[in-house]
Amino acid sequence: MRILILALLLSTFSYGQEISIVHFNYEWNSGRTYKGLDRLKGIKVQYAYVEQQSAAIRKSIKSVPTIVIYKDGKPIEVIEGGLKMKIDLTIDELKALIDKHKKRKQT
């Protein structure tokens, strides 16, 4: 259900791009914003504070930070910070995950 809500409410962030990312966080946790998303070439990246979103989105985000990866406007991966309130995935691991989804369209 959470994925469906995010897909319906945030699909406008993709602007027709193949792959896009929305990074959710709370303002009080902004010191743990995932670093390096600006190094992802050809990927539209949006940052959003949870407390500034609609009630449906606020309810759907259970852990921060959260990164949602979209392909053609549909969520394909959700990466959550968990109890540490920090995403442990390296930027290279995130790139590999995105590349995996890019290649699926080509094959």
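I started at M85, which sits in the loop between β4 and α3 (91-106). The model I am reading is a predicted one.

**M85**

I looked up the backbone here. M85 has a positive phi of about 55 degrees, and M85 is not a glycine. I noted that most residues other than glycine have a negative phi. Is M85 buried, exposed or in between? I found M85 partly exposed, with a relative accessible area of 30%.

**D72**

I then went to the loop between β3 and β4 (74-80), where D72 lies. D72 is not a glycine either, yet its phi is positive, at about 55 degrees. The relative accessible area of D72 is 42%, so D72 goes down as partly exposed.

**P65**

Next I checked peptide bonds. Which geometry does the bond from V64 to P65 have, cis or trans? I read this bond as cis, with omega near -10 degrees. I placed P65 in the loop between α2 (55-60) and β3 (66-71).

**Aromatic rings**

I looked for ring pairs. How many aromatic pairs are there? I logged one aromatic pair. It is formed by Y26 and W28, whose ring centres lie 5.4 Å apart. Their planes meet at 15 degrees, so I call the pair stacked. The cut-off I needed is that planes under 30 degrees apart count as stacked. I then compared the two residues with the solvent in mind. Y26 is partly exposed, at a relative accessible area of 22%. Buried would have required a value under 20%. W28 is exposed, with a relative accessible area of 57%. The exposed class begins over 50%.

**Fold layout**

I turned to the whole chain. I listed three helices and four strands in the protein. In what order do the elements run from the N terminus on? I wrote down α-β-β-α-β-β-α.

**Burial, contacts and surface**

The protein has 107 residues, and 42% of them count as buried. I put the accessible surface of the protein at about 6,300 Å². Carbon and sulfur atoms hold 54% of that surface.

How values were computed
Residues are numbered from 1 along each chain as its sequence is written. This is a predicted model: local features need pLDDT of at least 70, side-chain atom pairs count only at pLDDT 80 or more; totals for chains, interfaces and linings use all residues. Side-chain values use heavy atoms; hydrogens and water are left out. Rings of Phe, Tyr and Trp (its six-membered ring) pair if their centres lie within 6.5 Å; planes under 30 degrees apart count as stacked, over 60 as edge-to-face and the rest as tilted. Buried means under 20% relative accessible area, exposed over 50%, partly exposed in between (1.4 Å probe, protein chains only). Helices (H or I, at least four residues) and strands (E, at least two) are DSSP runs, numbered from the N terminus. Accessible areas come from the Shrake-Rupley method with a 1.4 Å probe; for residues, only the protein chains shown count as cover.
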